[in-house]
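I set out to record what could be looked up in this model, entry by entry. My notes follow the order in which I went through it.

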Amino acid sequence: MAKILQLKIALNGIKPEIWRRFLVEDSISFKRLHKTIQTVMGWEDYHMYKFCIDNEEIVPEEEGYNLAESSFNKLFKSPEFMKMLEQLDMKKGSATLDVDKMNKMLHEMEQNKAKNQYDINSKINQLIKSEKQKFTYLYDFGDSWEHTIVVEKILEKDQSKKYPICLEGERACPPEDCGSIPGYYNLIKIRKNKKHPQYEELIVEWLGEDYDPELFIVDWVNAKLHGKRPAPVWVPSNK
């Protein structure tokens, strides 16, 4: 019978901490764990992701995700690409990348890529097996949101409950595509000052004045986890 993992996930590099505590069956796939994390954290599932557990990387197939993001992530990890950047003449104020050379690098990386023993359809209990075990979840290779996940407890399954279940958490996750941690802090700063020259553009038109970085409602998250329509969120006016 499947066991239940009590996991705590926290977004690295942001204070006060943005975190969630939730329960999942250990027989689910990494793909399902990803979907659960997206819901409990509040992400929109727009970007690539990967899990890093010990020496294993669990990365989805590119199909259905941002191909450009995936390709650039591979390139920036390549020593050959970094060497090519170093050789460009940046002093002239502009530089042209050799597209054919970049495509050749990508092709060679794909040809030489080792076959992973595990993939997103593997069950998580193949790699996640003990209490206190830690692993990472990286979402959006551009903004690079890194999360640390800790296995707090391994529990017996309660047949009267429907999993996954979010138990608690604090603070809303950052908006998608906000420019990583510096961009997030900048948005929070601007949001507090309606006289800021970028308030209209970044807060009113892009982010939305109803975004509250301190807001987290566990019942709303659990409704989404179980395929229900969450109740409308009423936020008291500050006016």
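**Helix 7**

I began with the buried residues of helix 7, which are Val221, Asn222, Ala223 and Leu225. I took buried as under 20% relative accessible area, exposed as over 50%, and partly exposed as in between, with a 1.4 Å probe and protein chains only. I took helices (H or I, at least four residues) and strands (E, at least two) as DSSP runs, numbered from the N terminus. The model is predicted: local features need pLDDT of at least 70 and side-chain atom pairs count only at pLDDT 80 or more, while totals for chains, interfaces and linings use all residues. Residues are numbered from 1 along each chain as its sequence is written, and side-chain values use heavy atoms, with hydrogens and water left out.

I then asked what the buried residues of helix 7 pack against. I found helix 1 (30-41) and strand 7 (165-170), with contact meaning heavy atoms within 4.5 Å. Helix 7 is followed by Gly227, and I noted its positive phi, near 75 degrees.

**Surface patches**

Trp220 also lies in helix 7. I recorded Trp220 as partly exposed because its relative accessible area is 33%. Together with Leu215 and Ile217, Trp220 makes a nonpolar surface patch of about 220 Å². Patches are made of residues with over 30% relative accessible area and no salt bridge; like charges are joined within 9 Å, and nonpolar side chains (Val, Leu, Ile, Met, Phe, Trp, Tyr) within 5 Å. Accessible areas come from the Shrake-Rupley method with a 1.4 Å probe, and for residues only the protein chains shown count as cover.

I looked next at a negative surface patch, formed by Glu200, Glu201, Glu205, Glu209 and Asp210. Lys and Arg count as positive and Asp and Glu as negative, whereas His and the chain ends are not counted. The place of a charge is taken as NZ of Lys, CZ of Arg, CG of Asp or CD of Glu. I located Glu209 in the loop between helix 6 (199-207) and helix 7 (218-225). Glu209 counts as partly exposed because its relative accessibility is 47%.

**Salt bridges**

How many salt bridges does the structure hold? I noted eight, a salt bridge being a side-chain nitrogen of Lys or Arg within 4 Å of a carboxyl oxygen of Asp or Glu.

Glu214 and Arg171 meet through their side chains in a salt bridge (3.1 Å, N to O). This pair links distant parts of the chain, 43 residues apart: Glu214 is in the loop between helix 6 and helix 7, and Arg171 is in the loop between strand 7 and helix 5 (180-191). Arg171 counts as buried because its relative accessibility is 8%.

I found a further salt bridge between the side chains of Glu25 and Lys157 (3.2 Å, N to O). That pair also links distant parts of the chain, 132 residues apart, with Glu25 in strand 2 (residues 19-25) and Lys157 in the loop between strand 6 (145-155) and strand 7. Lys157 is partly exposed, at a relative accessible area of 25%.

The side chains of Lys8 and Glu17 form a salt bridge at 3.6 Å, N to O. I also noted a network of salt bridges that links Arg21, Glu152 and Glu168.

**Whole chain**

The protein chain has seven helices and seven strands, and buried residues make up 41% of its 239 residues. Its accessible surface comes to about 14,700 Å², of which 49% belongs to carbon and sulfur atoms.
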